[in-house]
Amino acid sequence: MIKLSCNKVTYGDSFIIQYGDKGDKYIFLDGGFGKNYKNQLRRIIDKMASDGYGIDFWFLSHVHNDHIQAPKEYIRDIERGYLDDIVSKWIYNPLQPNVEVYEYNHSNNSVDVGFDQFDEIEAYVRKVASACQDIISGYSIVDDELVINILSPISSKLQIVRDKYKENGELDLEENDQFKQDVSGAQFDYDICLDEFDTTKSYSDDSLENQACISAIFQSGSASVLWCADANSDTIANSLKNMGYSSDNPLNCSCFIVGHHGSRYGNLSSLIELVKCTYFVVSADGSNSYALPTKEVMARILRSPNRNEKKIHIHFCGESYNLEHMFDVDSDDVYEEYNFEVSFQVEKEYSISFT
């Protein structure tokens with residue numbers, strides 16, 4: 001059994017996986033912006049600690065703010081003495097793997113200053129935990145009945161990001177100019193019908209930070225969750241192929257956490273067609289400046305030749321007028337025609353169990 005909890009976001013990844021015979025083991029996936037921590041995660045962690053639970057693994061996919069500001073704020077609370085450290089193991093790829101442990105001065109509380117987001121986390125983790133090997137495609141973690149297979153990054157892409165950091169002393173904490181320009185002015189594509197999209201069209205994600213992003217499959221018994229974060233679609237697809245999956249033998253998973261918050265860059269058809277799933281989660285609310293999620297990705301999911309014959313459920317980790325009217329331009333029977341349903345997250349937390 002796997003229980004997935006989604007935290008409400010404008011965009012960004014903030015998920016919790018529960019597993020184990022009693023559902024008493026926890027994995028945190030990123031955490032979102034700092035406001036997600038202050039509004040949600042801090043209370044959740046405080047209650048977990050009070051109830052005697054810990055966080056078995058906390059995954060940090062990559063350096064972008066909408067993924068790792070929340071864990072940074074948690075570390076600050078630990079160092080201020082506000083909360084206890086209940087994390088057993090941090091799963092991440094250090095930017096400086098070959099340097100000694102160092103102290104980091106984080107007296108400036110700005111959430112967007114230079115490269116302090118990931119540096120601050122790395123400085124703390126090095127003080128409390130021993131170094132682990134790189135978390136790259138092909139690496140696996142086994143904990144009781146849970147198996148975690150890492151799908152990305154590949155070592156060469158990770159090294160490019162490390163070289164960039166070493167040379168420049170900083171990384172891009174926000175999306176790159178290519179991505180911003182593509183959605184400038186919040187040009188949503190919700191005025192296009194599902195059957196009008198060219199689902200074979202390919203896009204290139206030029207963000208080096210995204211190419212060094214961790215993604216993984218979490219499997220417990222017959223339940224599994226595919227978490228793409230902001231990872232490169234082609235890298236994930238190649239890893240799945242190396243595991244023996246193909247369009248003729250797709251990965252059957254319980255839940256597909258759609259990549260890059262529903263961006264067309266993170267969800268190419270070449271990846272979607274390798275997966276058969278009935279439950280999709282999209283970490284964006286349709287009201288953000290990046291115009292996420294895109295309807296084009298919904299078309300790729302619903303029109304995939306390998307889609308599950310059963311009804312598909314798409315859960316959005318937020319709500320907005322735009323999102324709730326995404327399919328208004330389509331026919332009146334669009335939900336029956338494409339055999340799907342949607343849900344919008346109103347509460348701060350939403351959970352679903354997969355067996």
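## Questions on a predicted model

Threonine 294 has a relative accessibility of 3%, so it counts as buried.

Student: Happy to start there! Which residues beyond its sequence neighbours is threonine 294 in contact with?
Tutor: Good place to begin, keeping in mind that this is a predicted model. Threonine 294 sits in the loop between β13 and α9. Its C-alpha atom is 5.8 Å from that of serine 263, although 31 residues separate the two along the chain. Leaving aside neighbours within four places in sequence, the contacts of threonine 294 are Asp189, Tyr190, Gly262, Ser263 and Arg264.

Student: What is the omega of the peptide bond that joins leucine 292 and proline 293?
Tutor: Proline 293 belongs to the loop between β13 and α9. The bond joining leucine 292 to proline 293 is cis. Its omega is about 5°.

Student: Where is proline 153 found?
Tutor: Here too there is a cis bond to look at: the one from serine 152 to proline 153, with omega near 5°. Strand β7 covers 146-152 and helix α4 covers 155-168. Proline 153 is found in the loop between β7 and α4.

Student: How many residues of helix α9 are buried?
Tutor: Helix α9 spans residues 295-302 and is mostly covered. The buried residues include Lys295, Glu296 and Arg300 as well as Val297, Met298 and Ile301. The count of buried residues in α9 is 8 of 8.

Student: And what covers the buried residues of α9?
Tutor: Both helix and strand elements take part. The helix named is α8 (269-272). The strands named are β13 (279-282), β14 (312-316) and β15 (340-344).

Student: Are α1 and α2 parallel or oblique to each other?
Tutor: Two packed helices are described by the angle between their axes and the distance between the axes. For α1 (residues 34-50) and α2 (residues 65-80), the axes come within 9 Å and cross at roughly 55°. The crossing is right-handed. The helices α1 and α2 are therefore oblique.

Student: How do the residues of the contact of α1 with α2 divide into nonpolar, polar and charged?
Tutor: From α1, the residues are Gly34, Tyr37, Lys38, Leu41, Arg42 and Ile45. They meet Gln69, Ala70, Glu73, Tyr74 and Asp77 of α2. The division is 5 nonpolar, 2 polar and 4 charged.

Student: Is aspartate 30 buried or exposed?
Tutor: Aspartate 30 lies in strand β3, residues 25-30. Its phi is positive, about 55°, although it is not a glycine. With a relative accessible area of 1%, aspartate 30 is buried.

Student: What about aspartate 144, buried or exposed?
Tutor: Aspartate 144 also has a positive phi, near 55°, in a residue other than glycine. It lies in the loop between β6 (140-143) and β7. At 59% relative accessibility, aspartate 144 counts as exposed.

Student: Over which residues is the pLDDT below 50?
Tutor: The protein chain averages a pLDDT of 90, and 89% of the residues score at least 70. One stretch below 50, with 39 contacts beyond near neighbours in sequence, is residues 101-115. Where pLDDT is low, the predicted coordinates should not be read in detail. Another stretch below 50, with 8 such contacts, is residues 180-184.

Student: Finally, what share of the residues in the protein chain is buried?
Tutor: The protein chain has 11 helices and 16 strands. Of its contacts between residues at least 6 apart in sequence, 76% join residues at least 24 apart. Among the 355 residues, the buried share is 58%.

Notes:
Residues are numbered from 1 along each chain as its sequence is written. This is a predicted model: local features need pLDDT of at least 70, side-chain atom pairs count only at pLDDT 80 or more; totals for chains, interfaces and linings use all residues. Side-chain values use heavy atoms; hydrogens and water are left out. Buried means under 20% relative accessible area, exposed over 50%, partly exposed in between (1.4 Å probe, protein chains only). Helices (H or I, at least four residues) and strands (E, at least two) are DSSP runs, numbered from the N terminus. Contact means heavy atoms within 4.5 Å. Axes are lines fitted to C-alpha atoms, for helices over the stretch in contact, and angles run from 0 to 180 degrees between N-to-C directions. Angles under 35 degrees count as roughly parallel, over 145 as roughly antiparallel, 65 to 115 as roughly perpendicular and the rest as oblique. A crossing is left-handed if the near helix is turned anticlockwise from the far one by less than a right angle, and right-handed if clockwise. Ala, Val, Leu, Ile, Met, Phe, Trp, Tyr, Cys and Pro count as nonpolar, Asp, Glu, Lys and Arg as charged, and the others, Gly among them, as polar. pLDDT is the predictor's confidence in each residue, from 0 to 100.
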